[in-house]
Amino acid sequence: MVKCHFCGGEIVKGKKNFSVTRGNYCVIIRDIQTDVCSQCGEAYYDPEQGKAIEEILKTMDNQVKKLQAPIPPARS
Ligand SMILES: [Zn+2]
C-alpha cells in the first residue's frame, strides 16, 4: 500500500481540484481524477497530468501577457 509522503495516510483514487494563483490570473481545474491522500487530501498527479497542468499554465502565461501588453498608439 502506498502511503502519503506528508502524513503517512492511505493513497486512494479520487478527484482533486487544482487551483493556482499567478501574477495576474488564477486557474481552477475541477475534478482531476488522480491519487489522493485519504487523510490530508494531498494529490499525487502522475507525470502526464503534471505535464498537462504545466502546459496549461505556460499557455496562460503567454496569452495573458498578450492581453496585458500596452496597446501601441494608433497611427494617424
Ligand atoms: Zn497525507
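Predicted model: local features only at pLDDT ≥ 70, side-chain atom pairs only at ≥ 80, totals over all residues.
Visitor: How many bridges join β1 to β2, and do the two strands run parallel or antiparallel?

Guide: There are 10 bridges between β1 and β2 (residues 26-37), and the two run antiparallel. They make a hairpin, with 4 residues between the strands.

Visitor: And in what order do the strands sit in the sheet?

Guide: The order is β1-β2-β3, an open sheet of 3 strands with antiparallel pairing. β1 and β3 (43-44) are the edge strands, each with a single partner, so one side of each has no neighbour in the sheet. As for what packs on that sheet, helix α1 (residues 47-68) does, touching β1 and β2, and its direction makes about 175° with that of β2.

Visitor: I'm used to thinking about strand faces. Is β1 buried or in the open?

Guide: In general, side chains of a regular strand alternate between the two faces of the sheet. For β1 (residues 11-21), 1 of the 11 residues is buried, so the strand lies largely in the open.

Visitor: What about the helix: how many residues of α1 are buried?

Guide: The background is that an α-helix has 3.6 residues a turn, so residues three or four places apart point the same way. In α1, the count of buried residues among the 22 is 0, so to speak a helix that is hardly covered.

Visitor: Which residues does the loop residue Tyr25 touch?

Guide: Look past the sequence neighbours. Tyr25 is in the loop between β1 and β2, and, leaving out residues up to four places away in sequence, it touches Met60 and Val64. The C-alpha atoms of Tyr25 and Asp61 are 8.8 Å apart, although 36 residues separate them along the chain. Tyr25 counts as partly exposed because it has 14 C-beta neighbours inside 10 Å.

Visitor: What is the phi of Asp31?

Guide: Phi at Asp31 is positive, about 55°, although the residue is not a glycine. Asp31 is found in strand β2, and with 10 C-beta neighbours inside 10 Å it counts as exposed.

Visitor: Now zoom out. In what order do the elements of the chain run?

Guide: From the N terminus on, they go β-β-β-α. The radius of gyration is 18 Å, well over the 11 Å that the globule rule gives for 76 residues, so the chain is more spread out than a compact globule. The C-alpha atoms fill a box of roughly 70 × 20 × 20 Å along the principal axes.

Visitor: What share of the chain's residues is buried?

Guide: Buried residues make up 4% of the 76. For contacts, sequence separation is the thing to check: among those between residues at least 6 apart in sequence, 47% join residues at least 24 apart.

Note on methods:
Residues numbered from 1 in each chain as written. Buried ≥ 20, exposed ≤ 12 C-beta atoms within 10 Å, placed from the backbone. Pairing = 2+ DSSP bridges. Contact = placed C-beta atoms within 7 Å. Axes fitted to C-alpha atoms, helices over the stretch in contact; angles between N-to-C directions. Rg over C-alpha atoms; globule rule 2.2 N^0.38 Å.
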